[in-house]
Amino acid sequence: MDRYARWNALLEMLTDNGRVSVEAAAERLDVSQATIRRDFDQLAQQQMITRTRGGAVANGVSYDLPLRYKTAKHSAEKQRIGAAAAALVTPGTVVGLNGGTTSTEVARALAVRPDLNTSAEGAQLTVVTNALNIANELLVRSRMKVVVAGGVVRPKSFELVGPLGGALLREVTLDVALLGVDAIDPQLGAAAHHEGEAAMNNLMVARAKRVVIIADSSKLGGHAFARICPIERVETLVTDSGAAPELVDAFRAAGVQVICA
C-alpha cells in the first residue's frame with residue numbers, strides 16, 4: 001500500500017470513528033507503528049487531522065476529503081458508471097460536467113471516444129466544466145472544445161465556485177448536464193455537501209435540456225447540506241449494480257430512468 005492509499009484509509013477510519021490510535025491503525029493497515037506516526041504527523045501538518053498522544057482525531061472537515069484522497073474509493077464502480085454515462089453523449093453536443101471522482105471517470109471515457117474527437121464541422125463535442133481537473137483530463141487526451149467557468153478554486157474538489165463562474169453559465173445552453181453528486185434521494189432530489197458547488201451545479205441544471213446524475217450506490221438515498229435540484233428535474237440516474245433494488249424502484253416510480261452499470 002503506497003502512502004496516498006494509506007492516508008486515504010487513515011482519513012476514512014477517522015471519519016468513521018472520530019479517533020484512531022497508532023497501534024490500531026498499524027494493525028489494521030499491516031504496517032509498522034513508526035510508519036503510522038509519520039503518516040499522522042504529515043496529515044496533521046496539512047491540517048487534515050489533529051494529532052493526539054498515541055493517535056489522532058478527525059478535524060471537522062474530514063467528511064469532505066480532498067479529491068486526491070478519494071480516488072481509490074469505489075473505483076471499479078465509478079469506472080463503469082463513467083463509461084455508461086459517456087455512452088449517453090452524442091457527437092456535436094454541448095455537455096456540462098462538474099467535478100468529483102465519478103465525473104473524472106466520465107471525462108476519461110469521453111476523451112477516448114474517437115467519434116467525439118473529430119474536428120469535422122458540427123461534430124466536435126463541447127464540454128463546459130467548472131472543474132480544473134476535468135478540463136485538464138480533456139485537454140491532454142482529446143481535441144474537444146473545452147469551456148471553463150471562472151470562480152474561486154476549492155482545493156478539496158478542484159471546482160470553481162462563486163459569481164464569476166455563474167456569469168458564464170448563465171450565457172450558455174447545455175444539451176445535457178452530467179453531474180456527480182454527494183447524495184441523491186427519490187424525494188429530496190440531488191444535493192452536495194458544499195453550498196458553492198451546489199449553486200454552480202444548479203446553474204448547470206437550469207441551462208441544460210437534460211440532466212443526468214452520476215452516482216455510485218453509496219450516494220443513493222443519502223442526504224447532503226445543499227440541494228442541487230429536485231428529483232423532477234432529473235431525467236436519468238447512472239449508478240452501479242450494487243444499488244438496492246427498493247431504491248432503484250423508488251427512483252423509477254419518481255419518473256427517473258435508472259441505468260445500473
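A salt bridge here is a side-chain nitrogen of Lys or Arg within 4 Å of a carboxyl oxygen of Asp or Glu. All the close-ups below come from a predicted model, in which local features need pLDDT of at least 70, side-chain atom pairs count only at pLDDT 80 or more, and totals for chains, interfaces and linings use all residues. Residues are numbered from 1 along each chain as its sequence is written, and side-chain values use heavy atoms, with hydrogens and water left out.

**View 1. Asp115 and Arg113 meet in a salt bridge.** The N to O distance between the two side chains is 2.7 Å. For accessibility, buried means under 20% relative accessible area, exposed means over 50%, and partly exposed lies in between (1.4 Å probe, protein chains only). Asp115 is partly exposed at 33%, while Arg113 counts as buried at 18%. The structure holds 8 salt bridges, and three other residues, Glu105, Arg108 and Glu137, are linked in a network of them.

**View 2. A salt bridge joins Asp41 to Arg51.** Here the side chains meet at 2.8 Å, N to O. Asp41 lies in helix H3 (residues 33–45) and Arg51 in strand E2 (residues 49–52), so the pair ties together parts that are 10 residues apart in sequence. Helices (H or I, at least four residues) and strands (E, at least two) are DSSP runs, numbered from the N terminus. Both partners are partly exposed, Asp41 with a relative accessible area of 36% and Arg51 with 29%.

**View 3. Asp175 and Lys209 form another salt bridge.** Their side chains meet at 3.4 Å, N to O. Since Asp175 sits in strand E9 (residues 174–180) and Lys209 in strand E12 (residues 208–214), the pair ties together parts that are 34 residues apart in sequence. Asp175 is partly exposed at 22% relative accessibility, whereas Lys209 is exposed at 59%.

**View 4. Helix H1 crosses helix H3.** The axes of H1 (residues 3–17) and H3 come within 11 Å and cross at roughly 75°. Axes are lines fitted to C-alpha atoms, for helices over the stretch in contact, and angles run from 0 to 180 degrees between N-to-C directions. The two helices are therefore roughly perpendicular to each other, a label for angles of 65 to 115 degrees. Look for Trp7, Leu10 and Leu11 among the H1 residues that meet H3, whose own contacting residues include Ile36, Phe40 and Leu43; contact means heavy atoms within 4.5 Å.

**View 5. Strands E10, E11 and E13 form an open antiparallel sheet.** The 3 strands run in the order E10-E11-E13, where two strands pair if DSSP finds at least two bridges between them. At the edges are E10 (183–185) and E13 (226–229), each pairing on one side only. The twist averages 35° from one strand to the next. E11 (residues 189–192) pairs with E13 over 3 bridges, and Ala192 stands opposite Ala226 in E13. Helix H8 (residues 195–207) packs on the sheet, touching E11 and E13, and its direction makes about 15° with that of E13.

**View 6. Asp30 and Phe158 have positive phi angles.** Neither residue is a glycine: phi is about 60° at Asp30 and about 65° at Phe158. Asp30 is found in the loop between helix H2 (22–29) and H3, and is exposed at 70% relative accessibility. Phe158 is in the loop between strand E7 (152–154) and strand E8 (159–161), where the residue counts as partly exposed at 28%.

Conventions
Parallel < 35°, antiparallel > 145°, perpendicular 65-115°, else oblique.
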